[in-house]
Amino acid sequence: MTRRTAVRVARSVAAAAALTVAITACATGSTTPAATSGPASYGAASIQLSWIKNTEFMGEFSADSQGYYTDAGFDSVDLVSGPPTSVEATVISGNVTMGIGNAVSTGTVIASEGAPLKIIGATYQKNPFSILSLAGNGNIDTLAALKGKTIGVQASNLNLWEAFLKVNGIKDTDVTTLPVEYDPTPLFNGEVDGWFAYVTNEAIDAELKGLDPVNLPLADNGLPFVAETFTVTDDAIANDRELLKALLVAQIRGWTEAIKNPDASASLAVDTYGKDLGLSLAKEKRQAEIQSADLVVSPETTANGLFTISPALQKQSVATLAAAGIDVSAAQLFDMTLLDEVYAENPDLVNYAG
């Protein structure tokens, strides 16, 4: 997922200029249901995934396979494999109804271009970025252990790495930053002490190789922000509100099913949705476990339901963006009113663990 990092953060930053033209043509590409009696019918919708069809999107796969999108009033929901382009560009062009991204990528285009976008929910309460090391090489289990170490950092992650050092009061001279590509083999071979990574990718690779990975998560060390966020246009919020709420209901039901059955969710990714990708079942199962236990759920979701983002976490996300040089307010980035309405209208959905 270090390649994925390049797509989600750096590509979104690079795509900001290209959004200038698209902003004036903002549309949702969705169909507002006719005012008729009986259940609403929303026709076809689409969701732009931020990466390939692996277990990262196990909730979307469950929603599709279990018929939750159909139950919510959709004829179909197309899960568009990423990437060819930034999620934000795809959403703002009207080519998809919703995009799955992260606070950094969406915040960047809002801050730099005034893009009329909002995050209306977050699958990951905790972002998966980590400084990965090995117990036998680096063993970076605390911030203090970073000093004197050589860390492999991809160009796409440099702004987050610099923000990470800044918020933790670590000088550039305290560590050696080595430009690297996306294959973590240099870490596994002992050529560097640490690696800018994902807990749901390179760390699992190290674990499956028996290399005893050690993670220093950014979210627990000064850089908390939400990820796997649902990004939509301001126009859709205003004019396709019921459609978006129906989509959120189906998503909640899908993720409720997925986190209750992570192994089955992993198999669904390997055998059905990502069957042409040659995915490893062992790795996908481990990712499903980590997501279900550590990333998707939190005290906030326990109290208020999946995808909710507390005011405190919104503030923390905005502070992280500010540390990375991205100036955007919580009000510019988030709109949680749709989820508020969804849970007010469907209170049974709050208890996803029941």
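Hi everyone, let me start with Glu242, which is partly exposed at a relative accessible area of 41%. By that I mean between the two cut-offs: buried is under 20% relative accessible area and exposed is over 50%, with a 1.4 Å probe and protein chains only. Lys245, by contrast, counts as buried at 5% relative accessibility. A salt bridge here is a side-chain nitrogen of Lys or Arg within 4 Å of a carboxyl oxygen of Asp or Glu. Helices and strands are DSSP runs numbered from the N terminus, at least four residues of H or I for a helix and at least two of E for a strand.

A quick word on what you are looking at. This is a predicted model, where local features need pLDDT of at least 70 and side-chain atom pairs count only at pLDDT 80 or more, while totals for chains, interfaces and linings use all residues. Residues are numbered from 1 along each chain as its sequence is written, and side-chain values use heavy atoms, with hydrogens and water left out.

Back to the salt bridges: a search of the whole structure finds 10 of them. Lys118 forms one with Asp234, with the closest N and O atoms 3.2 Å apart. That pair links distant parts of the chain, since Lys118 is in strand S4 and Asp234 in helix H10 (residues 234-239), 116 residues apart. Lys118 is buried, at a relative accessible area of 15%, and Asp234 counts as partly exposed at 27%. Another pair is Asp205 with Lys283, where the closest N and O atoms are 2.9 Å apart. Here too, distant parts of the chain are linked: Asp205 in helix H9 and Lys283 in helix H13, 78 residues apart. Asp205 is partly exposed at 21%, whereas Lys283 is buried at 16%.

So what does the rest of H13 look like? Helix H13 covers residues 281-295, and its 15 residues reach 20 Å from first C-alpha to last, close to the 21 Å expected at 1.5 Å a residue. That expected span is 1.5 Å times one less than the number of residues. Its buried residues include Lys283, Glu284, Gln287 and Leu295. They pack against helix H3 (58-65), strand S4 (117-124), helix H9 (202-208), H11 and helix H12 (262-273).

Now to the sheet. Which order do its strands take? The order in this open sheet of 5 strands is S2-S1-S3-S10-S4, with mixed pairing. Strand S2 (74-80) and S4 are the edges, each with a single partner strand, so one side of each has no neighbour in the sheet. Strand S3 (residues 98-102) pairs with S10 in the antiparallel sense over 4 bridges; pairing requires that DSSP finds at least two bridges between the strands. Gly99 stands opposite Thr231 in S10.

S10 (residues 227-233) also holds Glu228, which has a positive phi of about 50 degrees although it is not a glycine. For context, most residues other than glycine have a negative phi. Glu228 is buried, at 2% relative accessibility. Phe307 has a positive phi too, of about 80 degrees, and is buried at 0%. Phe307 lies in the loop between helix H14 (299-304) and helix H15 (311-323).

Next, strand S5 (residues 129-134): 6 of its 6 residues are buried, so the strand is largely enclosed by the rest of the structure. Phe129, Ile131 and Ser133 point one way, and Ser130, Leu132 and Leu134 the other. S5 runs antiparallel to strand S8 (residues 194-198), joined by 4 bridges, and antiparallel to strand S9 (residues 213-217), again by 4 bridges. Phe129 has Tyr198 as its bridge partner in S8, and Leu132 has Asn215 in S9.

Last, the core. The largest nonpolar core has 97 residues, and Ile131 and Phe74 are among those with the most contacts inside it. Such a core is a set of buried Ala, Val, Leu, Ile, Met, Phe, Trp, Tyr and Cys residues joined through side-chain atoms within 4.5 Å. Helix H11 (residues 241-260), where we began, gives the most to this core, with 11 residues. Thanks, everyone!

Notes
Contact = heavy atoms within 4.5 Å.
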